[in-house]
Amino acid sequence: MVVLSQPVALDNHISVIPTYTPVPVFTSQPIPVVDLTDPEAKTLIVKACEEFGFFKVVNHGVRADLMTRLEQEAIRFFALPQSLKNQAGPPEPYGYGSKRIGPNGDVGWIEYILLNANPQLSTPKTSDVFGQTPQIFREAVDEYMHELKEVSCKVLGMVTEGLGIEPRDTLSKMVRDEKSDSCLRLNHYPTAEEEAENMVKVGFGEHTDPQIISVLRSNDTAGLQICMKDGSCWVAVPPDHSSFFIIVGDALQVMTNGRFKSVKHRVLADTRRSRVSMIYFGGPPLSEKIAPLSCLVPNQEDWLYKEFTWSQYKSSAYKSKLGDYRLGLFEKQPLLTHMSNE
């Protein structure tokens, strides 16, 4: 449960940062780990997506120096004077943002940069981000997004192989498409003092990711938690700066007709160390139709979701609150049958 602490001034529109009264969080629950070079990786990935909607990958092939370089450049940007950072905001939705998460009143102890992965869709706000930084930052972002697209497509290829989906590029081709609506988010959670005894600031409130797949990497600061599929408890995710964490998105839940679950997750601010995370969101083109895959669910009467385009879902998600169950609007409602005694 999220409760509100004493107001903390942010800007003319937001006057509070939510705080959280901790409840027991399981730290012993093992997070699935998949070695992408393991011949059984596809089987382990499917199992992890079914049971958790979340897993860690190792031996992913992305150079450690690239991850470190982008993190350092992000830290350098976030260390700029606030007046310079504000020139790249507010996000629309791309650009620099602080405290405010989306347009519907959600706030957190966070500042961030959101960048579109498609250079053809560059906006003035994203140009302003790089206008405040050396060229090395843009180069690191471009190279990182290229590498993370490859990791996303590799994982999605293993998903299709593990589920027996044909053709094998059914999922990965959406992310590879030149019109793919993928993006990169760089989050900075400053060190946060506890508001009161046994209360901590919420960095990013609980939510699911709307895209197909998310690939997350952070520094060695804790704070990320995932909710178990049955909603029974939260599990703390031990940080690992050398690995990636894969998150099932809403679109993949729909395409597997609920076999995979889009996992709820959140970030609590640390009282001792700042946290930096880098998340690549693999999304389809805006015109792509999202529906249960016919090879998995041949009979449309068995579909749990209506067909929609990614543009429709993205627009709907953008209008929602962070913690809303966005897929509810797209679920097929069971037909009501009226029995007659006549």
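At what angle do H2 and H5 pack, and how far apart are their axes? H2 and H5 pack at an angle of about 135°, and their axes are 9 Å apart. The model is a predicted one, in which local features need pLDDT of at least 70 and side-chain atom pairs count only at pLDDT 80 or more, while totals for chains, interfaces and linings use all residues. Residues are numbered from 1 along each chain as its sequence is written, and side-chain values use heavy atoms, with hydrogens and water left out.

**The chain as a whole**

- The chain has eight helices and 16 strands; these are DSSP runs numbered from the N terminus, with helices (H or I) of at least four residues and strands (E) of at least two.
- Of the 342 residues, 51% count as buried. Buried means under 20% relative accessible area, exposed means over 50%, and partly exposed lies in between (1.4 Å probe, protein chains only).
- Among contacts between residues at least 6 apart in sequence, 73% join residues at least 24 apart. A contact means heavy atoms within 4.5 Å.

**How helices are compared**

- Two packed helices are described by the angle between their axes and the distance between the axes.
- The axes are lines fitted to C-alpha atoms, for helices over the stretch in contact, and the angles run from 0 to 180 degrees between N-to-C directions.
- Angles under 35 degrees count as roughly parallel, over 145 as roughly antiparallel, 65 to 115 as roughly perpendicular, and the rest as oblique.

**Helix H2 against helix H5**

- The angle of about 135° between H2 and H5 makes H2 oblique to H5.
- The contact is made by Leu66, Met67, Arg69, Leu70, Glu73, Ala74 and Phe77 of H2, together with Ile136, Phe137, Ala140, Val141, Glu143, Tyr144 and Glu147 of H5.
- By class, the contact of H2 with H5 has ten nonpolar, no polar and four charged residues. Here Ala, Val, Leu, Ile, Met, Phe, Trp, Tyr, Cys and Pro count as nonpolar, Asp, Glu, Lys and Arg as charged, and the others, Gly among them, as polar.
- Glu147, found in helix H5, is partly exposed, with a relative accessible area of 21%.
- Leaving aside neighbours within four places in sequence, Glu147 is in contact with Val62 and Leu66.
- Glu147 and Arg63 are 84 residues apart in sequence and 9.1 Å apart in space, C-alpha to C-alpha.

**Helix H1 against helix H5**

- Helix H1 (residues 41-51) packs with H5 at an angle of about 90°, with the axes 8 Å apart. That makes H1 roughly perpendicular to H5.
- From H1, the contact uses Ala41, Lys42, Ile45 and Val46; from H5, it uses Val155, Met158, Val159, Glu161, Gly162 and Leu163.
- The residues of the contact of H1 with H5 divide into seven nonpolar, one polar and two charged.

**Helix H4: its packing and its two sides**

- Helix H4 (residues 124-131) and helix H5 (residues 135-163) pack at an angle of about 125°, and their axes are 8 Å apart. That makes H4 oblique to H5.
- Ser127, Val129 and Phe130 of H4 meet Phe137, Arg138 and Val141 of H5 in this contact. Four nonpolar, one polar and one charged residues make up the contact of H4 with H5.
- Lys125, Thr126, Val129 and Phe130 are buried in H4. Seen down the axis of H4, these buried residues fall within an arc of 145°, so they line one face of the helix; the arc is that of the directions from the helix axis to the C-beta atoms.
- The face of H4 turned away from its buried side carries the exposed residues Pro124 and Gly131.
- What covers the buried residues of H4 includes helix H2 (64-78), strand E5 (95-100), strand E6 (107-116) and H5.

**Backbone details in loops**

- The peptide bond from Gly89 to Pro90 is cis, with omega near -5°, and Pro90 has its place in the loop between helix H3 (82-86) and E5.
- Glu92 and Pro93 are also joined by a cis peptide bond, with omega about -5°; Pro93 is in the loop between H3 and E5.
- Asn59 has a positive phi of about 50° although it is not a glycine. Asn59 lies in the loop between strand E4 (54-58) and H2, and counts as partly exposed at 46% relative accessibility.
- Asn257, a residue other than glycine, has a positive phi near 55°. The place of Asn257 is in the loop between helix H7 (250-255) and strand E13 (265-268), and at 14% relative accessibility Asn257 counts as buried.
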